[in-house]
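Me: Please go through this model with me. I'll ask as I read.

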Amino acid sequence: MSDRDAGGRGDATGEEAGEPAADNPPVRRVSDWDAERLRGLAGEHETPLYVQDLDRVRENCERLLAAFPDADVRYAVKAHTGRAVLEAVRDAGLDAECASAGEVDRALAAGFDGSRLHYTAVNPPARDLDYVAGVAEAEPELTVTVGAVDALDRLAERGYDGRVCVRVNPGVGAGHHKKVTTGGAAKFGIPYDRAAEATRDAAGRFDVVGLHAHAGSGIDPDQLDSHRELVARMGELARDLSEPSDRDGDDPRDADPIDLEYVDVGGGFGVPYEEDAPALDLPAVAEATREAVAPLPAGVDLAIEPGRYVVADAGVLLTRVNTVKPTPDETVVGVDAGMTDLLRPAMYDAYHPIRNLGGASGEPPVAEREATPVTVAGPICETGDTLGRNRALADPSRGDLLAVGVAGAYGYEMASQYNSRPRPAEVALDDGRAAVTRRRETLGDLTTVEREADRDRTDRPEGDR
Ligand SMILES: Cc1ncc(COP(=O)(O)O)c(C=O)c1O
């Protein structure tokens, strides 16, 4: 259940259906950020530094709620799990869709109660199931989304008989890269042609409340057909399940209809990473979704669960130029952020816009510099560690500050300590005020778990070590 009744969403939007506020543009480009402010933040908190603007997170929530006024809107927490972001999303009235016990734990800590928590179990580790089954005892309104029949067995073994949503593999996918195209991948969901049967079986053991499918991440305007097809299939399945069925093939019909609450057609709403790419026409996507799913059986709501759309353009990664190396092939601009801070370019060949904010001492303002094609490379000892190739930047110099745009989704979340690099700091902007929400890791943080293990070992009697 979404927070519609709790007063979050209506108050948050204050808009008519499909009409976000005029001062709430469909995208915030890296060129829209206040350069002076970003230079100030980098000066105060050093680099690499993520800046996440909670006001923009709220705007994105508002546009989603305005475009999908009758749907349950859930935030896919994996895109950015920071506490301040979760609280902003919660206050805006979205539910939380969580991919792990850790995400459920964070969502609970941020104030989502069970009725607003959806745990999507993908090949769930035993430890995660134990944890979630335990949470469900205190929060019986929590819903577990399950994509394999034996995962249902594993839930039942833990005494869980609560709310279940069946994840379906719709056989159709979409996404910005094959690694994030989930809809047709065997790993995700119960195959479409077995889903009705599996759902009816599950209804004998659990309170089956929903159907779920997710096409993939980064659906752009020209992939709308796949989205429409997925949604249409899910609508059809919901209609089928809302009828009594003839399970033994010997009419009269011998199985009750399933009393579904919702059909969740996933997230994946794309954002324009390239500076000149058009923004997704969200009202048009909403209209296409409603058309494709209709008519849903009475009492069954549409649900969506975007992650990227909520947080991507609310974040930038700031990084300082530390070397400039002209070579016969290209000019390499070395910066202090790399694939350990922002993995998407190395992992998916993802494009992030980069803007030179200047600041190198003795250099002219960037507006007076010539655009120069450069490769922006990080400090990690990997060839793939580049943030962008062949980018025309205002001629960069050592000491300049670069802003890597649209970095708020799957940015900090995928950061690692590879090459023994401490993870960056993060600052959140809230109504213009800045606060550190994730401190910069130190070299000491890199060895904390080793030192704790050493301590545990030496604390044990000698024979037990
Ligand atoms: C099940 C599920 N729902 C929602 C999402 C969110 O996708 P996006 O951030 O592209 O909206 C994902 C992303 O991986 C997902 O796996």
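This is a predicted model: local features need pLDDT of at least 70, side-chain atom pairs count only at pLDDT 80 or more; totals for chains, interfaces and linings use all residues.

Me: Where is Gly-307?
Reply: Gly-307 is in the loop between S10 and H11. Helices (H or I, at least four residues) and strands (E, at least two) are DSSP runs, numbered from the N terminus.

Me: What is Gly-307 in contact with?
Reply: Apart from neighbours within four places in sequence, Gly-307 is in contact with Tyr-75, Ala-76 and Ala-79. Contact means heavy atoms within 4.5 Å.

Me: And Pro-306, where is that found?
Reply: Pro-306 is found in the loop between strand S10 (301-304) and helix H11 (308-311). Its relative accessible area is 0%, so Pro-306 is buried.

Me: Which residues does Pro-306 touch?
Reply: Leaving out residues up to four places away in sequence, Pro-306 touches Leu-64, Val-73, Arg-74, Tyr-75, Ala-76, Gly-267 and Phe-269.

Me: Which residues does UniProt give for "binding site"?
Reply: An unreviewed UniProt entry places "binding site" at Gly-268, Glu-305, Pro-306, Gly-307, Arg-308 and Tyr-410. UniProt positions are in the numbering used here, feature names are shortened, and annotations may be inferred rather than shown by experiment.

Me: What does UniProt list for "active site"?
Reply: The unreviewed entry lists Cys-381. Cys-381 is found in the loop between strand S14 (371-377) and strand S15 (386-394).

Me: Is that one, Cys-381, buried or exposed?
Reply: Cys-381 is exposed, since its relative accessible area is 71%.

Me: Switching to strands. How many residues of S1 are buried?
Reply: In strand S1 (residues 49-53), 5 of the 5 residues are buried, so the strand is largely enclosed by the rest of the structure. Leu-49, Val-51 and Asp-53 point one way from S1, while Tyr-50 and Gln-52 point the other way.

Me: Which strand is joined to S1 in parallel?
Reply: Strand S17 (residues 425-430) runs parallel to S1, with 5 bridges joining them. Tyr-50 stands opposite Glu-426 in S17. Two strands pair if DSSP finds at least two bridges between them.

Me: How about S8, how many of its residues are buried?
Reply: Of the 6 residues of strand S8 (residues 207-212), 5 are buried, so S8 is largely enclosed by the rest of the structure. S8 pairs in the parallel sense with strand S6 (residues 163-169) over 5 bridges, and with strand S9 (residues 262-264) over 3 bridges, also in the parallel sense.

Me: What are the bridge partners of Leu-211?
Reply: Leu-211 in S8 is the bridge partner of Val-166. In S9, the partner of Leu-211 is Val-263.

Me: Now helices. Where do H3 and H10 meet?
Reply: Arg-63, Leu-64 and Ala-67 in H3 meet Leu-282, Pro-283, Ala-286 and Arg-290 in H10. Those residues divide into 5 nonpolar, no polar and 2 charged. Ala, Val, Leu, Ile, Met, Phe, Trp, Tyr, Cys and Pro count as nonpolar, Asp, Glu, Lys and Arg as charged, and the others, Gly among them, as polar.

Me: What about the axes of H3 and H10?
Reply: The axes of helix H3 (residues 54-67) and helix H10 (residues 282-293) come within 9 Å and cross at roughly 40°. Axes are lines fitted to C-alpha atoms, for helices over the stretch in contact, and angles run from 0 to 180 degrees between N-to-C directions.

Me: And the axes of H9 and H10?
Reply: Helix H9 (residues 224-241) and H10 have axes that come within 7 Å and cross at roughly 35°. By class, their contact has 7 nonpolar, 3 polar and 2 charged residues. Among the H9 residues in it are Leu-224, His-227 and Val-231, and among those of H10 are Val-285 and Thr-289.

Notes
Residues are numbered from 1 along each chain as its sequence is written. Side-chain values use heavy atoms; hydrogens and water are left out. Buried means under 20% relative accessible area, exposed over 50%, partly exposed in between (1.4 Å probe, protein chains only).
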